Amino acid sequence: MIAIQPFLPASSSEAAQTRPGDRVRQTVLENGLTVLTKPVHTAPVVTVQVWYNIGSRDEHPGHNGIAHQLEHMLFQGTATRPIQYGSLLEALGGEFNAFTGYDQTAYHNTVERNALEAVLILEADRMKNALIDPELLEKEKGVVISELQGDENNPHYRLNRAVMEAAFPGHPYGLPIGGTKADVETFTVEQVRSYYDRNYRPDNAVLIVVGDFDSESTLKIIRETFGVISNPAEPPTRLSSRAIENTFPPPERPGGQTVVLRGPGTVPFIQIVYPLPDINHPDIPALSVLDYILDNGGRSSRIYRDIVDAGLGSSAGSLSAHLSAGGWLELWASPVPEGDLDAIDRAFENLIAKLQANLVSPEELNRATTQIRASSILENRDITSQAMQLGLDSTTAGNYRYTETYLDRIDAVTAEDVRRVARTYLKPEYRTAGRFEPVEVPAGETVTGKNVELTTAHSHTAGHIRTGHPTEPDTIARYLPPVEPPAAHAATPPESFTLPNGLRVLLLPDDHTPGVSIRGLIRAGEEFDPPGKEGLATLTAENLMSGTRRRDGRSLARSLENRGATLEFSTPPEGVSISGVALAQDWPVVLEILADLLQNPTFPKDWLDLTGRQQVSELLEDKHDPAYVAQRALQQRLYPKEHPLHRYPTESSLKSIRRADLERFHRAHYRPDATALAVVGDFDPETMRSQIRRLFENWRAGSPPAGRALPPVSPPEKFVWVKKEIPGLVESVTAMGYPSIDRRDPRYHAALVLNQILGGSTLSSRLGLELRDRLGLTYGVYSWFDAGLRWGSFTIQMQTAPENARQAIDTTLSLLKDLRERGVTAEEVQTAKRSLVGSDRVALGDPDILAGVILWNEVYGFPPSELNDFHHKIEAVTPAEVNRVARELLHPDRIVVVTTQPRVMLGL
């Protein structure tokens with residue numbers, strides 16, 4: 001529940017011409033609460049968000065992290081509702097969470113419209129009556145420390161902490177948002193309660209409601225719930241404290257400064273920070289354009305051209321953060337294997353020097369301003385994102401219409417403005433650089449002396465573990481505000497058709513969104529990698545954008561990026577995933593490029609060499625990622641060597657792949673009869689059908705490749721615990737599971753309900769309430785059924801302190817055994833079904849997610865009506881079915897557990 005929230009411009013989602021603040025009504029109640037309401041009647045859902053003007057910028061060493069700690073406490077219930085708030089919010093259905101930022105703390109809930117009043121009542125209650133007592137605080141401090149220690153596993157996080165502290169000495173932006181373990185351990189209940197009383201108040205908050213509601217009746221409810229809350233006499237922390245200095249201008253340091261962090265790891269990297277002025281400074285638009293010229297996320301950017309394309313780095317980029325008291329421009333990069341950080345550092349210096357010496361080209365300037373405007377529309381087409389933008393603008397810039405002015409000023413930025421701000425803010429004496437230099441740990445230098453993984457036939461003694469009972473349904477019912485049943489609502493199913501060559505297409509026009517989302521899947525995934533060539537499917541997909549017989553890679557990138565459009569390929573286990581997004585007027589260009597890429601790729605060798613090095617770098621970095629290591633070890637224990645889920649790319653397999661391999665793989669597996677496309681958004685259906693036929697009807701393929709039979713798989717015969725050591729690890733990650741059902745299994749919907757009860761939410765599930773809420777062992781624990789087309793698995797994953805891993809594992813196995821033997825209650829099933837259906841309906845309000853759901857329904861062989869049938873199937877699940885599925889699919893005594901744990905090293 002922590003996220004850094006730097007300013008990112010965004011806009012409305014109902015029409016491309018709509019300005020961000022249009023249709024927003026601002027009301028200030030007598031107690032000072034600012035209320036922003038924006039009716040959007042595109043789907044029967046609504047988002048309620050409460051933003052408080054308190055964040056880590058209001059802290060100092062010794063109290064760093066108290067805003068984040070308080071955010072956690074507000075899920076522990078209230079004096080009037082002494083129950084885990086996650087259980088109440090989960091019972092309403094939909095999505096909920098919270099985050100702490102530098103400038104604010106926010107709580108956001110998106111639900112079906114019938115739950116609007118209930119959410120308002122709950123949020124008003126925790127604004128005034130949060131339950132903060134010593135026992136709850138001590139337990140939740142353990143959860144927060146687990147979260148912070150999980151971050152410490154990542155060397156990027158550790159270097160960023162050091163660089164920010166050096167760049168902003170004595171400034172709160174130099175402190176980590178979540179705080180430090182040392183500070184969190186010292187928080188007292190009096191400190192946290194005092195911080196709550198002073199800052200959680202109407203005159204220090206913004207309430208935002210966006211979605212399908214009536215303004216007048218909603219404002220009446222808001223006045224009845226929030227309007228009666230009074231403000232304390234003592235002013236909020238921000239108003240009573242000394243104003244903090246702006247981050248610019250920083251202290252001048254001739255030649256800048258460099259921080260070097262050494263530690264266990266596999267890939268070096270560099271981070272550079274230049275302080276910037278606050279969000280309301282008139283130079284912010286020009287600085288944003290400069291940032292997009294440096295790195296627009298695509299191949300046409302200067303960083304990509306001069307560092308990645310030049311063969312210096314496997315990844316590189318930039319990010320600008322604009323906050324209430326300052327900001328920064330961050331540059332970062334990782335070298336290719338055997339690469340040189342010094343060479344990358346010089347490349348960054350040359351990039352800055354060129355921006356300071358020469359005017360950017362008109363094409364670059366136009367591309368950057370177009371991308372900023374396009375992203376301000378495309379990234380905020382759902383109501384949750386629209387409300388988020390209003391909250392960020394209000395609490396960071398002090399003006400909910402900030403984005404409108406910002407975008408107007410973006411259009412006025414000139415090439416001379418870009419050069420001027422580069423000269424003003426990117427001076428060498430303002431620069432703070434950080435380097436992570438990995439330390440190679442000699443094999444065997446551990447306290448245990450173990451050089452290999454430890455596998456034990458652990459004797460599980462579940463009877464010695466006492467687990468708490470799930471929250472009683474009547475307790476939830478007693479504290480949950482009344483909710484009317486949701487009104488009947490059916491989503492419009494897509495139109496579907498198939499071309500003569502076998503290409504399957506699904507179309508769902510929607511003129512309420514200003515863009516078009518394209519999703520696709522080609523059955524050309526990792527399951528078809530030849531032995532010894534693991535990674536071939538991924539490299540083939542990665543190289544599609546490298547060029548075609550008509551256009552080279554740079555030309556393709558410019559065609560998309562000049563319009564602010566994106567087209568990406570990835571390789572989930574089921575195949576090659578296609579993801580494209582564009583403004584409504586630009587979808588023909590994206591579709592034409594997609595058709596060209598799929599039918600006419602050329603796979604130039606220089607691009608293959610580059611992407612091959614990138615994949616090797618990612619592989620090396622993954623070796624230090626505890627979640628990746630645990631999941632990989634789990635799958636390789638569960639599946640035989642011949643199974644696709646056992647086989648992972650290796651450095652040698654990646655280096656063995658040649659251009660001819662890509663060509664053969666493409667010819668064999670990129671086929672229209674193995675491809676499905678789904679398109680959602682603002683388009684004319686007849687025009688779209690005509691374009692798809694024109695562009696794809698001549699796509700031909702030879703004889704289909706021979707099918708590959710999968711080896712038989714079943715749950716393990718006994719409990720096995722595997723321990724994988726990773727040098728420098730702070731927090732352990734445990735993954736456990738076994739093979740399970742696929743998507744076509746008739747038990748699938750009952751399994752989803754079962755999983756929602758067991759581990760679908762870390763705040764309200766049985767696992768979450770026991771491991772996190774009652775015992776304080778973990779920041780996050782989740783379970784899921786990963787049900788695919790030809791295979792499936794059941795997995796539980798959690799992070800804990802290394803010394804708590806054994807207790808967490810034993811408790812989890814006991815919960816599984818208890819659920820299997822004693823079953824679930826009818827009330828739990830009803831709550832889980834309401835949560836699943838509500839969350840799905842909320843998610844379908846996002847065009848990208850909607851397109852993805854439509855696509856996967858087609859891939860799994862379901863009719864277009866599955867868009868609505870899914871809800872009916874969930875609602876039809878009975879407690880008896882769930883209990884039967886629990887007995888059939890939960891195997892606490894036949895499970896593989898993998899725990900990544902630290903290796904204690906000598907001399908470090």
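Glu 338 sits in the loop that links strand E10 (326-335) to helix H12 (341-357), where helices (H or I, at least four residues) and strands (E, at least two) are DSSP runs numbered from the N terminus. The model is a predicted one, in which local features need pLDDT of at least 70 and side-chain atom pairs count only at pLDDT 80 or more, while totals for chains, interfaces and linings use all residues. Residues are numbered from 1 along each chain as its sequence is written, and side-chain values use heavy atoms, with hydrogens and water left out.

Let us start with the backbone. Most residues other than glycine have a negative phi, and most peptide bonds are trans. Glu 338 has a positive phi, near 65°, and is exposed, with a relative accessible area of 76%. Here buried means under 20% relative accessible area, exposed over 50%, and partly exposed in between (1.4 Å probe, protein chains only). Phe 603 also has a positive phi, near 50°, but this residue is buried, at 1% relative accessible area. Phe 603 belongs to the loop between H20 and helix H21 (605-622). A cis peptide bond, with omega near 5°, runs from Phe 248 to Pro 249, and Pro 249 is placed in the loop between helix H9 (237-240) and strand E7 (257-264).

Helix H20 (residues 587-599) spans 18 Å from its first C-alpha to its last over 13 residues, close to the 18 Å expected at 1.5 Å a residue; the expected span is 1.5 Å times one less than the number of residues. Because 10 of its 13 residues are buried, H20 is largely enclosed by the rest of the structure. Among the buried residues of H20 are Trp 587, Asp 596 and Gln 599.

Two further buried sites are worth a look. Gly 317, in strand E9 (residues 313-323), has 0% relative accessibility. Beyond its neighbours within four places in sequence, Gly 317 is in contact (heavy atoms within 4.5 Å) with Asp 295, Ile 303, Glu 330, Leu 331 and Trp 332. Thr 403, in helix H15 (residues 402-411), is buried at 1% relative accessible area. The side chains of Thr 403 and Gln 389 are joined by a polar contact of 3.3 Å; such a contact is a pair of N or O atoms within 3.5 Å, and within protein one must be able to donate a hydrogen and the other to accept it, with residues adjacent in sequence counting only if both atoms are side-chain atoms.
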